[in-house]
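This report describes some local features of one protein chain. Look at the sequence and the structure below before reading on.

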Amino acid sequence: MSQHTILYAFIVLAIVLTRGIPLAGRQMHGLNQGLTHIGRYFSNLNTLLHEDGHALMGMIFGKGVKRIELYTNTEGVAITSTYAGARGWLPRVIIALAGYPFSSAMTYLFFYLLVQHRYDLLFYGLGGILLFNLLFLVRNRYGILWLISILAILGGVYYLNSPTLIMYSMMFVGAILLVESVLSAAVIFVLSVKQPYHAGDATSLKELTMVSSRIWGLLFFVQALYIAYLSVTLLH
């Protein structure tokens with residue numbers, strides 16, 4: 001089976017895990033919580049990168065990052081000093097804007113390295129990002145426990161010393177990032193239309209720029225779709 005076929009299979013699996021299983025959980029009330037948390041557990045990989053995008057821009061344009069928090073419902077928050085009034089309007093716009101484009105860019109980079117068969121680089125790079133977040137950024141209980149659990153899984157893969165397992169695990173992560181980068185942006189777009197004052201980054205940007213949160217939600221969704229399309233075209 002070709003690498004491309006396996007990646008497409010992992011994309012389907014990612015959709016099932018992050019969206020299909022939680023949907024099934026809502027239909028089977030007795031299994032609701034368990035099934036929902038399975039999907040959300042993996043979705044937090046994208047959430048972490050999203051918040052890292054905010055944090056990175058906070059480090060570059062603000063006065064640093066106070067902390068990142070991750071939650072069981074796949075939401076997260078990056079608290080930066082800039083939002084307390086550090087360097088003015090433009091840095092706050094850049095920081096608020098960064099989350100969705102950054103997670104999409106990381107998705108593209110992930111797929112580019114997958115196509116180049118750089119599985120070891122992806123494996124150690126991902127481990128490094130997770131460890132950095134654990135040591136310096138994430139500060140709430142669930143976020144810390146989630147990071148420890150993901151690092152434990154990567155540690156188990158490393159211990160087994162199987163190049164094939166490393167390859168499959170990185171394909172799986174890439175598929176999760178691709179699916180969630182698009183679907184999370186789709187969710188924020190829908191929220192910006194239905195609940196424009198409760199649409200996360202789109203609402204923050206509306207308050208900073210006076211541009212409708214619906215416009216920001218649409219821009220987030222369009223860029224996510226486009227970068228996902230570019231990522232998939234790397235397979236051909």
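## Contacts, a hairpin and aromatic pairs

Leaving aside its neighbours within four places in sequence, Asn 133 is in contact with Leu 48, Asp 52, Ile 68, Val 138, Arg 139 and Leu 147. The model is a predicted one. Asn 133 itself belongs to helix H5, which covers residues 119-137. Is Asn 133 buried or exposed? With a relative accessible area of 1%, Asn 133 is buried, because buried means under 20% relative accessible area.

One of the contacts of Asn 133 is Ile 68. The next element to look at is strand S1, made up of residues 65-70. Strand S1 runs antiparallel to strand S2 (residues 76-80), and five bridges join the two. Opposite Leu 70 stands Gly 76 of S2. The two strands form a hairpin, with five residues between S1 and S2.

Thr 74 is in the loop between S1 and S2. Most residues other than glycine have a negative phi. Thr 74, however, has a positive phi, near 75°. Met 210 also has a positive phi, near 70°. The loop that holds Met 210 runs between helix H8 (201-209) and helix H9 (213-233). As for accessibility, Thr 74 is partly exposed at 25%, whereas Met 210 is exposed with a relative accessible area of 61%.

How many aromatic pairs does a search of the whole structure find? The search finds 10 aromatic pairs. Two of them are set out here.

| Pair | Centre to centre | Between the planes | Arrangement |
|---|---|---|---|
| Phe 42 and Phe 172 | 5.2 Å | 90° | edge-to-face |
| Phe 132 and Phe 136 | 5.0 Å | 50° | tilted |

Phe 42 lies in helix H2 (residues 32-61) and Phe 172 lies in helix H7 (residues 163-194), so their pair ties together parts that are 130 residues apart in sequence. Both Phe 42 and Phe 172 are buried. They also take part in one aromatic cluster, formed by Phe 10, Tyr 41, Phe 42, Trp 146, Tyr 168 and Phe 172.

The pair of Phe 132 and Phe 136 has another setting. Phe 132 and Phe 136 are four residues apart in helix H5, so about one helical turn separates them. Phe 132 is partly exposed, with a relative accessible area of 40%. Helix H5 is also the place of Asn 133, which is buried.

Key. Residues numbered from 1 in each chain as written. Predicted model: local features only at pLDDT ≥ 70, side-chain atom pairs only at ≥ 80, totals over all residues. Heavy atoms only, no water. Pairing = 2+ DSSP bridges. Buried < 20%, exposed > 50% of the residue type's maximum accessible area, 1.4 Å probe, protein only. Contact = heavy atoms within 4.5 Å. Phe/Tyr/Trp six-rings, centres within 6.5 Å; stacked < 30°, edge-to-face > 60°.
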